[in-house]
Amino acid sequence: MYIDDTIAALATPLGEGGIGIVRISGPQAVDALEAIFRPKTEKRIRDFESHTLYLGNIISPRDGGVIDEALVAIMYAPRTFTREDVVEINCHGGSMPLRKTLEAVLAQGVRLAQPGEFTKRAFLNGRIDLVQAESILDIIRSRTHEGLRAAVDNLEGSISREIEGIRKQLSNILALVEVNIDFPEEDEEAAMGPGELEDELNKAAHEITRLLEGAGKGKILRDGIKVVIVGKPNVGKSSLLNTLLREKRAIVTDIPGTTRDIIEENLNLAGIPIRIIDTAGIRETGDEVEMIGVERSRKSLKNADLALIIFDITTGIQDEDGMIMDLVGDIPHLKLLNKIDLMDRAEELYDEEFIPISAKTGAGMDLLEKNIGKIIEMDNIIGDQPLINRIRHEQALQRALESIENAKKSSEVGHPLDIIAIDIKEAWSHLGEIVGDTVTEEILDIIFQEFCIGK
Amino acid sequence: MTFSAGKYDVIVIGAGHAGSEAALASSRLGCRTLCLTISMDAIALMPCNPAVGGPGKSHLVREVDALGGEIALNADKTFIQMRMINTGKGPAVRALRCQSDKRLYQYEMSGVLQREKNLHMKQDLVEEIIIKNGQVKGVITLAGAVYWSPTVILAGGTYLRGRIIMGDLNYSSGPAGYFPANKLSDNLRSHGFELVRFNTSTPARIDGDTVDYSSLTEQVGDEEEYYFSYMSHGQKRPRLPCWLTYTNTKTHEIILENLDKSPLARGEYSAKAPRYCPSIEDKVVRFTNKESHQVFLEPEGWDTKEIYVQGMSTSLPLDIQLEMLRSIKGLGKVEIMRPGYAIEYDCIQPKQLELNLGVRGVEGLYSAGQMNGTSGYEEAAAQGILAGINAAMYVKGRAPVTFSRSEAYIGVLVDDLVTKGTEEPYRILTSRAEYRLLLRQDNADLRLTEKGRKIGLVDDQRYEKFIERKNQIEELTEILEDSVINPGDEHGEKLLEELSSSPLKKSMSIGEILKRPELDSSHIERFLPGSEKYPRDVQEQVWIEFKYEGYIKKQIKQVENFKKLENRKIPPGIEFQGIRGMRMEAREKLQESKPMSVGQASRIPGVSPADINMLLIYLEQRRRETGGNEDEGG
């Protein structure tokens, strides 16, 4: 629980292209700006006039590359909305740079704001009146309910469950550390062997890294939406990819089963970054090389955010198509009816279920793009709120990982348990922030359950 | 028939570890104090382990000492062995523990109490507290004496409706065969206080002459001389060893076969027992895969054959106790002198207290020690001194004294009790302290002596000694910061080589060099000839601050954030039930605990960060509605 740390958030909803604003408020707002902004004027950031716009580049703290060109304004307290120092960064490069800018700000030790938090500060700092405060009450009140709903979602959401798992892992490590500290000599079996702590920390670090880098939602965050094209052999998957990319990249032949490697391309659709993947045709086959291709298709489907299933209008729905539908299962998907150029008046076949296209002539591509956009919004793959939650998760995981790395370093240089415990506790509380928990009672419960205490 | 028996500034009920400190504190602060005890022979009794200290506990002992309390000095005068434990686990959790001569401990403490000039010790049993219009007026005793006083401190230990359980035998009793206090509970209830019932057990005391020591592992104390109090340095005491043995499968069989003879194991008593101090029955039942448990034999003193059998607390019948003890190596022919037993007792649900240990809703009433649901002599002493101080502050019209979680274990202990309450006898643990690297036992004096001086409990002698130590620490710190060794420096390079430490690449202060993993405080004298004049504890203290500087700074920063929430005070009399938009559960929890700050509110289980936001907004609204006159304190 903090009341005056520095917070940041998108001040405009994450939508199509255009301009978006990242707002930062709190004592470290200007520090954060200094770390990521290279102004195009000679003026030092510290010397910027208050409430004045300056042009410059947002620089990635990771690789020093330019994220976006932006207009920024520093507004010094108290003449600001929150009565704290406020920085506003106006980006115009679409949703991706906006998100990267926010991430860059958060990497400076700034916390992602809770819904209603700017307004809350404005009220607590005497900036707005009681009537306006009523609306914040609503926001925070709904957040309480949302929190409850999220808790239910968390039970189902795999990422939350995995984070919870890591937190449990850390609780167990802490319990082991604390039982050694608070109950020395009491349970001989609790005594830690050499390297045991390091092993446990490595396991936890590994889990977090896997989660951060894994094919789960974290990857969407960095690499965009993953769209997979599937369909039986020779249905026109590679042609569709090529048409979408408007360039020949995949090898297109008339022999079924040509595409044996997965081909991956990036494109931008309605301001949303999309990774589009062409898989090998899925069908039962004895050919060994092709088997690998089918296996890869299955795998890539597993991590897909959206599947485009292609059917051949000239052959109608076949058994293999059914198999592919089963493979796709619950993954959000669109069904495409390809090769309409070989049929008359095929466009009229469009209905709720099938989108008629011709990968060869490009017919139906507008409709397809619109539907992709719609399903992405509809299924909330990258709706504003879920994305923000993901950034929150990722920030929590990232910070937890740093703390675990610190704990490992401490252990390597021979620091004692009580010092190492500080870092582990910190890692725990970074993850605990997600579910809002406190450490002591949980650790004690584990200790009394697992170890024979009572000298 | 009652009679008026006198008028005092402060009355302390009980003369155990809480009562002793409370009575000493208030009388030393100039209050005419009466301390009533069930028996003059039960003063500072150790009815369970004859030991003081351990992780968290030694921290409390040294804090009480820094404030001018007695427990550290008394333990230093009466130990039979002293050990520094957790030495390899870090500066924050290093802890001193001693085995005490139980009788000598009582004798010495009793002497201190009797010699205190404002303190009057009397043997009597308090049966009623007189409260009129929300103000304490005095107490009425079994003998009919009415003692008048504007302040009363409850320090009744485990005596309230005490009941001893041993097998199917159970009878009304205080600990160790002393009288129980049977009427005070009802009287407290009639005043509207909520009581809870706890349970704790103790092992048998055996005849030391019937133990075969030849087959046991001897445990001696540390050679190096350690003391709880910096005021005790230089005293020497003779040592006695302890002994280690183990239970075995035979012992466990005997216990399991006779479990039905333990009404506690049968679940017939609902009083909560501490999880950290289970009976041997519990251990055997719960950890079936363990074939043996450690048993420590601890002598109870020089002038007694009695030995405390640590690890074997039990409420089994006497014959089974004997059978199970005799199955243990070295105890084949053992004789029991005092049987083990479980004791049940009433105590106050501590959520009814304030951070100064005042009982909410009654002016002048304070409560301390096991009475508040804690266990342990150290926890009792810490609360005792705080209650004694605050009774005196009240009498003198001075501001109440409280301790923050960020300045002392006393603060952690009291805040935990008051804010969260407790479901079992509460024991302090270092893991309960968020900022434990700052709250070390080695710097308790640096943290609290000034505060104790302002309160008025730190006398000139203690204060001068403290100032001397503090100056030495500052001086040595400065020298180590300023003394720079340059690469190529002959003496420095040679020394580093000798200590298997890599040569310098750039100029470094000795303080920086001492952070290296292969170096520690014992090397200060090597690098800085002449520093032998600083005592070991000063060198150690200075080295810790250098070595863990980064982590210490990190915790200081955490404390700064913590304080922001603590400083947001909640004005008294807030109706938490009426906070719109807050979840019902949170409102109820807040109403029950009545937190005094937003920080305290945030620690109440069941109150979420979103609830705290609602609270912050409510407080701001209220502040504006009341014209902003109330001090928000933020």
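At what angle do helix 1 and helix 9 of chain B pack? This is a predicted model, and in it the two helices meet at about 30 degrees, with their axes 7 Å apart. An angle under 35 degrees counts as roughly parallel, so helix 1 of chain B and helix 9 of chain B are roughly parallel to each other. Helix 1, which covers residues 17–28 of chain B, passes helix 9 of chain B in a right-handed crossing. If you want to trace the contact, helix 1 of chain B brings a run from B:His17 through B:Ala18, B:Gly19, B:Ser20, B:Glu21, B:Ala22, B:Ala23, B:Leu24 and B:Ala25 to B:Ser26. Facing them from helix 9 of chain B are residues including B:Tyr377, B:Ala380, B:Gly384, B:Ile385, B:Gly388 and B:Ala392. Sorted by class, the residues of this contact come out as 13 nonpolar, seven polar and one charged.

In soluble globular proteins, nonpolar side chains tend to be buried together. Here, the largest nonpolar core has 172 residues. Those with the most contacts inside this core are A:Ile424 from chain A, plus B:Ile11, B:Ile13, B:Ala22, B:Ile153 and B:Ala368 from chain B. Helix 9 of chain B, residues 377–396, turns up again as the element that gives the most to this core, with 13 residues. And B:Ala22 is also one of the residues that helix 1 of chain B puts against helix 9 of chain B.

Now zoom in on B:Ile11. Setting aside residues up to four places away in sequence, B:Ile11 touches B:Leu34, B:Leu36, B:Gly138, B:Val139, B:Tyr147, B:Ser149 and B:Val152. There is also a second, separate core, this one of 51 residues, and among its members are A:Leu106, A:Val110, A:Phe123 and B:Ile612.

What about the meeting of the two chains? In total, 36 residues of chain A are in contact with 48 residues of chain B. On the chain A side, the elements that give two or more residues are helix 3 (117–124), helix 4 (130–156), helix 5 (158–182), helix 13 (417–435) and helix 14 (439–450). Helix 4 of chain A has the largest share of that side, with nine residues.

Take contacts in chain A between residues at least 6 apart in sequence, and 63% of them join residues at least 24 apart. A cis peptide bond joins A:Ala77 and A:Pro78, with omega about 0 degrees. A:Arg83 lies in this loop between strand 5 and strand 6 of chain A too, and its phi is near 65 degrees, a positive value in a residue other than glycine. A:Arg83 is partly exposed, with 17 other C-beta atoms within 10 Å.

Chain B has a positive phi to show as well. B:Ala176 sits in the loop between strand 13 (169–172) and helix 5 (184–190) of chain B, and its phi is near 50 degrees. With 18 C-beta neighbours inside 10 Å, B:Ala176 counts as partly exposed.

Another chain B loop, between strand 18 (294–299) and strand 19 (306–310), holds B:Lys305. With 16 C-beta neighbours inside 10 Å, B:Lys305 counts as partly exposed. The C-alpha atoms of B:Lys305 and B:Arg205 are separated by 9.2 Å, although these residues are 100 apart along the chain. Leaving out neighbours within four places in sequence, B:Lys305 is in contact with B:Asp207, B:Gly208 and B:Asp209.

To finish, look at another helix pair in chain B. The axes of helix 12 (residues 460–482) and helix 16 (residues 536–547) come within 9 Å and cross at roughly 50 degrees, so these two helices of chain B are oblique to each other. Helix 12 of chain B passes helix 16 of chain B in a right-handed crossing. Residues that meet here include B:Ile473 and B:Leu476 from helix 12 of chain B, and B:Val542 and B:Phe546 from helix 16 of chain B. By class, this contact has six nonpolar, four polar and two charged residues.

Technical notes:
Residues are numbered from 1 along each chain as its sequence is written. Chains are lettered from A and ligands numbered from 1 in the order in which they are written. This is a predicted model: local features need pLDDT of at least 70, side-chain atom pairs count only at pLDDT 80 or more; totals for chains, interfaces and linings use all residues. A nonpolar core is a set of buried Ala, Val, Leu, Ile, Met, Phe, Trp, Tyr and Cys residues joined through C-beta atoms within 7 Å. A residue is buried if 20 or more other C-beta atoms lie within 10 Å of its own, exposed if 12 or fewer, and partly exposed in between; C-beta atoms are placed from the backbone. Helices (H or I, at least four residues) and strands (E, at least two) are DSSP runs, numbered from the N terminus. Two residues are in contact if their C-beta atoms, placed from the backbone, lie within 7 Å. Axes are lines fitted to C-alpha atoms, for helices over the stretch in contact, and angles run from 0 to 180 degrees between N-to-C directions. Angles under 35 degrees count as roughly parallel, over 145 as roughly antiparallel, 65 to 115 as roughly perpendicular and the rest as oblique. A crossing is left-handed if the near helix is turned anticlockwise from the far one by less than a right angle, and right-handed if clockwise. Ala, Val, Leu, Ile, Met, Phe, Trp, Tyr, Cys and Pro count as nonpolar, Asp, Glu, Lys and Arg as charged, and the others, Gly among them, as polar.
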